[in-house]
Amino acid sequence: MLLHKSRIAYAAHRLAKSGILISTTVAALEAGFTKLPDRPDFIDLYQIVRTQAISWGWLVIIGASAFGAGCAYVQKFFGSPEIWDILHSLLDDLRKEVFSAAEYGNSPDFHRVTLFQCRCFKNKWHVCGILRALFRCEGNLLVPTVRSSHTSQETSTFFRVGDSEETCEGVAGRAWFKNGLVSVHGLPDLDADKSIIAQRDYSAQTFDSVDRIEKKMPRARSLLAVPIPKEGGPWGVLVFDSRNPANIGHERVEKLCGMLAKHLGKITDKIL
């Protein structure tokens, strides 16, 4: 799954926008044609258009309206690319503030900020999850939707959440369940030590499965997860990760996220 600048998402949004414009125009023209006065002295084309509009205008208007509604759903489903880019830039600025170059060095890929949304589907092709979403089922997955920088945008990571703390995977899942900040640091360096003992230690500290860690050795050595609120509970989770084993500064993150959390929830409603 490509998080930033997905060509499919951008193309779908643009096509849906054009589809809404076309459907609105067709419905308006067809409605206007049905009101044309009867002018026998006009050319045959005028009479043909008027007659067809009176006979079939209702069907064309219903079809155009249904097509426009479908395009509006697609547009909402993929989200606004312009606002999406604003959110990506916001996460970039947040990363620069938390992981300052003076303290962490100038390596964007080593220190990241990822926004996870709680929803039913992993991606746009997860049919069972999308059906759950259509039936307004409660979200059970934390799925990455936006990540800072222009690298590390390809990911298949997601975390399950549920009604008990044990079923909530990862630091992100625990933060979502507790609706509070969760932090771990000093994690094993799996680049240097790939032993099963190191993997189990990493698994225990990050509340993740050994199987997942074994399949894709994570490089982050410190993690900090902050829930993003909405009415009735958390909307998702903002996760800071770094290859530096030092504890990520809580005070700086809490201050910044406290100012941004409510706005993030409102912005994401426009794109996701």
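Student: What makes residues count as being in contact with Glu 30, leaving aside its neighbours within four places in sequence?

Tutor: Contact means heavy atoms within 4.5 Å. Leaving aside neighbours within four places in sequence, Glu 30 is in contact with Gln 52, Ala 53, Gly 57, Val 60 and Ile 61. By the way, this is a predicted model, where local features need pLDDT of at least 70, side-chain atom pairs count only at pLDDT 80 or more, and totals for chains, interfaces and linings use all residues. Residues are numbered from 1 along each chain as its sequence is written, and side-chain values use heavy atoms, with hydrogens and water left out.

Student: Why is Glu 30 called buried?

Tutor: Buried means under 20% relative accessible area, exposed over 50%, and partly exposed in between (1.4 Å probe, protein chains only). Glu 30 has a relative accessible area of 13%, so it is buried. Glu 30 sits in helix α1; helices (H or I, at least four residues) and strands (E, at least two) are DSSP runs, numbered from the N terminus.

Student: And Ala 9, buried or exposed?

Tutor: Ala 9 comes out at 15%, so it is buried. Ala 9 is in helix α1, residues 7-33. Ala 9 and Gln 75 are 66 residues apart in sequence and 9.1 Å apart in space, C-alpha to C-alpha.

Student: How do you know which strands pair with β2?

Tutor: Two strands pair if DSSP finds at least two bridges between them. Strand β1 (residues 111-119) is joined to β2 by 6 bridges, running antiparallel, with Cys 118 opposite Leu 142. Strand β3 (residues 159-160) pairs with β2 over 2 bridges, also antiparallel, and there Leu 141 stands opposite Arg 160.

Student: Where are the covered and uncovered faces of β4?

Tutor: Val 182 and Val 184 make up the covered face of β4, while Ser 183 and His 185 form the uncovered one. In a regular strand the side chains alternate between the two faces of the sheet. β4 pairs with β5 in the antiparallel sense over 4 bridges, and the bridge partner of Val 184 in β5 is Leu 223.

Student: Which residues of α7 are buried, and how do you know that they line one face?

Tutor: The buried ones are Ala 198, Gln 199, Tyr 202, Ser 203 and Thr 206. Seen down the axis of α7, they fall within an arc of 140°, so they line one face of the helix; the arc is that of the directions from the helix axis to the C-beta atoms. Ile 197, Arg 200 and Ala 204, on the other side of α7, are exposed. The buried residues of α7 pack against α6, β4 (182-185), α8 and β5 (222-230).

Student: Which element gives the most to the lining of the second largest pocket?

Tutor: That's α8, with 4 residues. By class, the lining has 12 nonpolar, 9 polar and 12 charged residues. Here Ala, Val, Leu, Ile, Met, Phe, Trp, Tyr, Cys and Pro count as nonpolar, Asp, Glu, Lys and Arg as charged, and the others, Gly among them, as polar.
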